[in-house]
Amino acid sequence: PVTLAGHSYEVLTGPQLLHDAGLRIRPHLPNNRAVILTDSTVASLHLAALEESLTRAGIHFATITVPPGESSKSLKRFEDVIETILAQGIERGTTIIAFGGGVVGDLAGFVAASILRGVPFIQIPTTLLAQVDSSVGGKTGINAKAGKNLIGAFWQPNLVLADTTVLDTLPPRQLVAGYAEIVKSGLIADERLFAWCEQHGHAVLKGDPAALGEAVRRACLFKTGVVQDDERESAHSGGRALLNLGHTFAHAFEAEFHYDGRLLHGEAVSIGLHMALALSVKMGLAPQDDLARLDAHLHKLNMPVGKADLPHNLSTATLLAHMGRDKKLREGKVTFVLLHGIGKAFTCRDVALEDVRALLLAEGFAP
Ligand code: NAD
Ligand code: ZN
């Protein structure tokens, strides 16, 4: 359960949930009507199972399919989807169901938040990243020309149904990308989750059903706890802001590759985690042994860990420029999530840009 001030919901994780999705969803539908939003890849693989399940449960629904990929998180696509739903006719109780990865979840959630000033919303995440991260917590939104996720709303789902069996069809790179967010959770505040990853990460990335199920369960427990304590990312230190561990670096890497699939978000995060801990070590805040432990884990699983894992080298100057834009620069200082060690993240408001520059150069990035 996620227990929030005005709104509570359940996150269900496990194998074969899609089969009974209709029966699980029906009690949450005010008027027994739903609109499924999905992308064409997920539709071709898994939509029949979902639709069949809703039909068996006697739910009335329509389905809207968007192209796969980040480009669907656009104002244009948002407009198309809203106009399509309005043209078909929608009542206040009609529920929007997101069936796909984080792209579909973010778009569908923002549609649900906006249409008729807000209709009920259900998440059925189908990527590992969406199951362990984006489907829980109520952040929804789309991209603007000026940057990613700049248009959006907090809109909590009424139910999250994470069927780990649908991950069977996920390409290995997408599995790695989602797994990086699980390692992140362990690093932030759950040393036992990190230790679990060291034991079972290999099985997770092989797609072992039991390991995947357990990884999703543990990561969702972690994320629901964080979201409950700080629903709107308002805590001064700690709270949801810590979920950005590794992300200041990751966003700078991603921006350079234009979200065109050459570098996935989770791949950038994997490198970002190494960088955040390396920066903490460089600043004398974390033990070198913990960095060696993280790197050993990432190397063992062939996860991205440094500049050699990027499609091509990037310049320190460009990366610093992105970070300055990402986090407001104050007198050469930036805010970073850093670590006192594995499981001990904190927000540091006065990291000197000079220290970041020195780290990037030491890590082999071009001047
Ligand atoms: P995605 O939604 O683009 O999915 C990745 C690819 O996998 C797509 O091509 C999709 O069609 C395909 N796919 C999905 N499920 C599949 C399945 N079961 N089998 C085979 N292929 C499948 O990407 P993502 O990594 O899931 O999500 C990334 C997005 O999530 C980004 O836009 C990011 O900003 C957002 N995000 C949001 C939050 C949040 O809190 N709202 C958190 C993290 C990330
Ligand atoms: Zn992330």
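**Entry 1**

I began with a cut-off I would need: a residue is buried if 20 or more other C-beta atoms lie within 10 Å of its own, exposed if 12 or fewer, and partly exposed in between. I also noted that this is a predicted model.

With that in hand I looked up Leu116. It has 13 other C-beta atoms within 10 Å, so I wrote it down as partly exposed. Leu116 sits in the loop between α4 and β6. Its phi is positive, about 50°, although Leu116 is not a glycine.

Next I went to the loop between β2 and α1, where I found Gln16. Gln16 also has a positive phi without being a glycine, here about 60°. I counted Gln16 as partly exposed because it has 13 C-beta neighbours inside 10 Å.

Asp20 is in the loop between β2 and α1 (21-25) too. It has 14 C-beta neighbours inside 10 Å, so Asp20 goes down as partly exposed. I then checked Asp20 against Leu50: they are 30 residues apart along the chain, and 8.6 Å separate their C-alpha atoms.

**Entry 2: the sheet**

In what order do the strands of the open sheet run? I read off β1-β2-β9-β6-β5-β3-β4, which is 7 strands with mixed pairing. β1 (2-3) and β4 (60-66) are at the edges; each has a single partner strand, so one side of each has no neighbour in the sheet.

I followed β2 (residues 8-14) to β9 (residues 159-163) and found the two running parallel, joined by 5 bridges. Glu10 has Leu159 in β9 as its bridge partner.

Then I looked at what packs on the sheet. Helix α2 (residues 40-56) does, touching β3 (33-39), β4, β5 (95-100) and β6 (121-125), and its direction makes about 160° with that of β3. Helix α8 (residues 209-229) packs on the sheet as well, touching β1, β2 and β9, with about 165° between its direction and that of β2.

I took a second look at β3. Is β3 mostly covered or mostly open? Mostly covered: 6 of its 7 residues are buried. β3 pairs with β4 in the parallel sense over 7 bridges, and Arg33 stands opposite His60 in β4.

A reminder to myself for reading strands: in a regular strand the side chains alternate between the two faces of the sheet.

**Entry 3: two domains**

I noted the domain assignment of the protein: domain 1 (2-166) and domain 2 (172-362). Their centres, taken over C-alpha atoms, are 27 Å apart. The contact takes 19 residues from domain 1 and 22 residues from domain 2.

On the domain 1 side of that contact, β1, β2 and α5 each supply at least two residues. Which element gives the most there? I found that α5 does, with 5 residues. By class, this side of domain 1 has 10 nonpolar, 7 polar and 2 charged residues.

**Entry 4: ligand 1**

Last, I turned to ligand 1. There are 31 residues around it, and Thr41, Gly101, Gly102, Thr127 and Ser134 come nearest. The elements giving two or more residues to this shell are α2, α4 (102-114), α5 (128-134), β8 (147-154) and α6 (172-189).

I sorted the shell by class and got 11 nonpolar, 13 polar and 7 charged residues. Both domains take part: the shell draws at least three residues from each of domain 1 and domain 2.

How values were computed. Residues numbered from 1 in each chain as written. Chains lettered and ligands numbered in written order. Predicted model: local features only at pLDDT ≥ 70, side-chain atom pairs only at ≥ 80, totals over all residues. Pairing = 2+ DSSP bridges. Helix = DSSP H or I, 4+ residues; strand = E, 2+ residues; numbered from the N terminus. Contact = placed C-beta atoms within 7 Å. Axes fitted to C-alpha atoms, helices over the stretch in contact; angles between N-to-C directions. Near = placed C-beta within 6 Å. Nonpolar A, V, L, I, M, F, W, Y, C, P; charged D, E, K, R; others polar. Domains from an automatic or database assignment.
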